[in-house]
Amino acid sequence: MRIAVCPGSFDPVTYGHLDIIRRSALLFDKVVVVVMTNASKAPMFTKEERMDLLRRVTSGLSNVEVDSYGGLLAEYTRTRGADVIVKGLRALSDFEYEFQMALTNRKLYPNAETVFLTTTAEHMYLSSSLVKQVAELGGDISGFVPACIEKDILRKVERIDKV
Ligand code: PNS
């Protein structure tokens, strides 16, 4: 069985992430979406909240599991018996950092390959921080995240009463 790990901070999950998760689920027997800590970002949602949002938007994908881990991705990948790490690439600006992480992860755990899926053109501009910013300033986020988690995001930025 080929298991792929799809790591990220998912703060919160967007249509862009969902697109990568869906396409990974078609390529691998099992996809483990893992909520991790990005040392350079302070998350808005707790790990449990991010996992809950992910579980809801992936509930229709039978071979997708949601988990979280506070340590190294390389270590998590090894303990899950996964041999692939899937990352989404949006633009050239993502490349350098992703390349650096892929090489570091290979050094730490050579048995896993990092595979990059290019985002669909429709989601190229999308990011969790953009979604949070639009929500905080009272904009419409329905084009960025699935409807079933929209309210959770608005509630978090205390915009729920204003919609
Ligand atoms: O969605 P993000 O914020 O771009 O995801 C980055 C993430 C969380 C996958 C990355 O920061 C990560 O792998 N964190 C786990 C800790 C780790 O393994 N760090 C070394 C990476 S080379």
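Is Arg23 buried, partly exposed or exposed? I looked this up and found that Arg23 has 25% relative accessibility, so Arg23 counts as partly exposed.

**Ground rules**

I note that this is a predicted model, in which local features need pLDDT of at least 70 and side-chain atom pairs count only at pLDDT 80 or more, while totals for chains, interfaces and linings use all residues. Residues are numbered from 1 along each chain as its sequence is written, and side-chain values use heavy atoms, with hydrogens and water left out.

**Salt bridges**

I searched the whole structure for salt bridges and got 13. A pair counts when a side-chain nitrogen of Lys or Arg is within 4 Å of a carboxyl oxygen of Asp or Glu.

Next I took Asp67, which forms a salt bridge with Arg80; their closest N and O atoms are 3.6 Å apart. Asp67 is in strand S3 (residues 64-68) and Arg80 is in the loop between helix H3 (73-79) and strand S4 (84-89), so this pair ties together parts 13 residues apart in sequence. Asp67 is partly exposed at 21% relative accessibility, and Arg80 is partly exposed with a relative accessible area of 24%. I also found that salt bridges with shared partners join Lys30, Glu65, Asp67 and Arg80 into one network.

**Asp11 and its surroundings**

Which residue forms a salt bridge with Asp11? I found Lys132, with the closest N and O atoms 2.7 Å apart. Lys132 belongs to helix H5 (residues 128-136) and Asp11 to the loop between strand S1 (3-8) and helix H1 (15-27), so the pair ties together parts that are 121 residues apart in sequence. Both residues are buried, and for Asp11 the relative accessible area is 5%.

I then looked for polar contacts, meaning pairs of N or O atoms within 3.5 Å; within protein, one must be able to donate a hydrogen and the other to accept it, and residues adjacent in sequence count only if both atoms are side-chain atoms. The side chain of Asp11 reaches the backbone nitrogen of Met44 at 2.7 Å. A polar atom of the Asp11 side chain also lies 2.8 Å from the backbone nitrogen of Phe45.

I listed contacts as well (heavy atoms within 4.5 Å). Neighbours within four places in sequence aside, Asp11 is in contact with Ala42, Pro43, Met44, Phe45, Arg50, Ser128 and Lys132.

**The largest pocket**

Rolling a probe the size of a water molecule over the atoms shows where empty space is left. The search uses a 1 Å grid over the protein atoms alone: a cavity is a set of points where a 1.4 Å probe fits but cannot get out, a pocket is an open set with protein on both sides within 12 Å along at least five of seven lines, and lining residues have an atom within 4 Å of a point. Grid points are joined across faces, edges and corners, and a volume is the space filled by probe spheres set on the points.

I read off about 1,200 Å³ for the largest pocket. It is lined by 42 residues, of which Gly8, Ser9, Asn38, Lys41 and Lys87 are the closest to its centre. Helix H4 gives the most to this lining, with 7 residues.

**The largest cavity**

How many cavities of 30 Å³ or more does a search of the whole structure find? I found 1, and the volume of the largest cavity is about 40 Å³. Among the residues that line it are Leu73, Ile85, Lys87 and Asn105. H4 gives the largest share of the lining, 4 residues.

I ended with Asn105, which is in helix H4. Asn105 has 14% relative accessibility and so counts as buried. Apart from neighbours within four places in sequence, Asn105 is in contact with Leu73, Ala74 and Ile85.

Conventions: Helices (H or I, at least four residues) and strands (E, at least two) are DSSP runs, numbered from the N terminus. Buried means under 20% relative accessible area, exposed over 50%, partly exposed in between (1.4 Å probe, protein chains only).
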